[in-house]
Amino acid sequence: MKLESVNENTLLISLGDEICDAIAQRVRLVLDGIRRELAECVIDLVPSYTSILLSFDLRRIDHLGMQSRLRVLMQRLELADDSPLEVRELVLPVYYGEEVALDMAAICQHLGLSSDEVIALHSSVSYRVYAIGFSPGFAFLGNTDPRLCMPRKTTPRLKVPRGSLGIADNQTAIYPSVTPGGWQLIGRTPRQMIDWNSRSLALMEVGDRVRFEPVSRQEYLSLGGQFDEL
């Protein structure tokens, strides 16, 4: 663990240099530990791929005190490192039909795969939530099958429909609201991705697992899916 001072009441906790499943699990372990043992001092926590940004209340603890408590916490977590970490897995319905898979044809041409192969590869993986960002509820998930590695669009869309599922490089993500975006769109989920009662406003949290379950056009509509284009 490496601690860096960002300002008078913020520390950056670095837990590794590699974006991988093991470090992501470590981030979640430390995040849960801070929430459990230091909640009374914490103002905000922003977890990401290999680090956690921690803002704390100077009226309750100073810089040295927070660093000391973090090191004690880390030592305790090191001793308990073999304990299994409970991980939540979400299964999200996705319609991969041509009405919503706006970039499927370009993806198939670029990768030399059929649409059925793209869907099978994408829906066969259990993804890790590595970070929440870009917009409220936008979760960066990885890693996709190497055969689905696609660059972002050269010209981003000005508006991407809510619920759109995209791929870019070795990651995949769902647009939780209408925003600009440059990811390659392969489907859409009818699920609401913003949870106003959660800490991060996201349905998912860093460290969660996510699987995508292909559904038919009729199932998509029955779950509240829409085809309105912007």
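The model is a predicted one, in which local features need pLDDT of at least 70 and side-chain atom pairs count only at pLDDT 80 or more, while totals for chains, interfaces and linings use all residues. Residues are numbered from 1 along each chain as its sequence is written, and side-chain values use heavy atoms, with hydrogens and water left out.

**Around methionine 204**

- Methionine 204 is buried, with a relative accessible area of 3%; buried means under 20% relative accessible area, exposed over 50%, and partly exposed in between, using a 1.4 Å probe and protein chains only.
- Leaving out residues up to four places away in sequence, methionine 204 touches Arg88, Leu90, Leu92, Val129, Ile132, Ala139, Leu141, Ile174, Met193 and Val210; a contact means heavy atoms within 4.5 Å.
- Methionine 204 and leucine 15 are 189 residues apart along the chain, and their C-alpha atoms are separated by 21 Å.

**The chain as a whole**

- The secondary structure comes to 5 helices and 13 strands; these are DSSP runs numbered from the N terminus, with helices being H or I of at least four residues and strands E of at least two.
- The C-alpha atoms fill a box of roughly 55 × 35 × 30 Å along the principal axes.
- Of the 230 residues in the chain, 50% are buried.
- Among contacts between residues at least 6 apart in sequence, 65% join residues at least 24 apart.
- The accessible surface comes to about 11,600 Å², and 50% of that belongs to carbon and sulfur atoms; areas come from the Shrake-Rupley method with a 1.4 Å probe, and for residues only the protein chains shown count as cover.

- Strand 6 (residues 127-132) and strand 7 (residues 139-142) run antiparallel and are joined by 4 bridges.

**Helices 3 and 4**

- Helix 4 (residues 115-123) has Val118, Ile119, Leu121, His122 and Ser123 buried.
- Those buried residues of helix 4 pack against helix 3, strand 6, strand 9, strand 10 (171-174), strand 12 and strand 13.

- A second open sheet is built from 4 strands in the order 1-2-4-3, with antiparallel pairing.
- Its edge strands are strand 1 (2-7) and strand 3, each pairing on one side only.
- Neighbouring strands here are turned by 20° against each other on average, with direction ignored.
- Helix 1 packs on this sheet too, touching strand 2, strand 3 and strand 4, and its direction makes about 170° with that of strand 3.
- Strand 4 (residues 51-56) has 5 of its 6 residues buried, so it is largely enclosed by the rest of the structure.
- Strand 3 (residues 42-47) runs antiparallel to strand 4 and is joined to it by 5 bridges, and these two strands form a hairpin with 3 residues between them.
- In that pair, proline 47 stands opposite isoleucine 52 in strand 4.

**Strand 2 and serine 14**

- Strand 2 pairs with strand 4 in the antiparallel sense over 5 bridges, with leucine 11 opposite leucine 54 and serine 14 opposite serine 51.
- Serine 14 lies in strand 2 (residues 10-14) and is buried, with a relative accessible area of 18%.
- Leaving aside neighbours within four places in sequence, serine 14 is in contact with Met1, Lys2, Glu4, Thr50 and Ser51.

Notes. Pairing = 2+ DSSP bridges. Axes fitted to C-alpha atoms, helices over the stretch in contact; angles between N-to-C directions.
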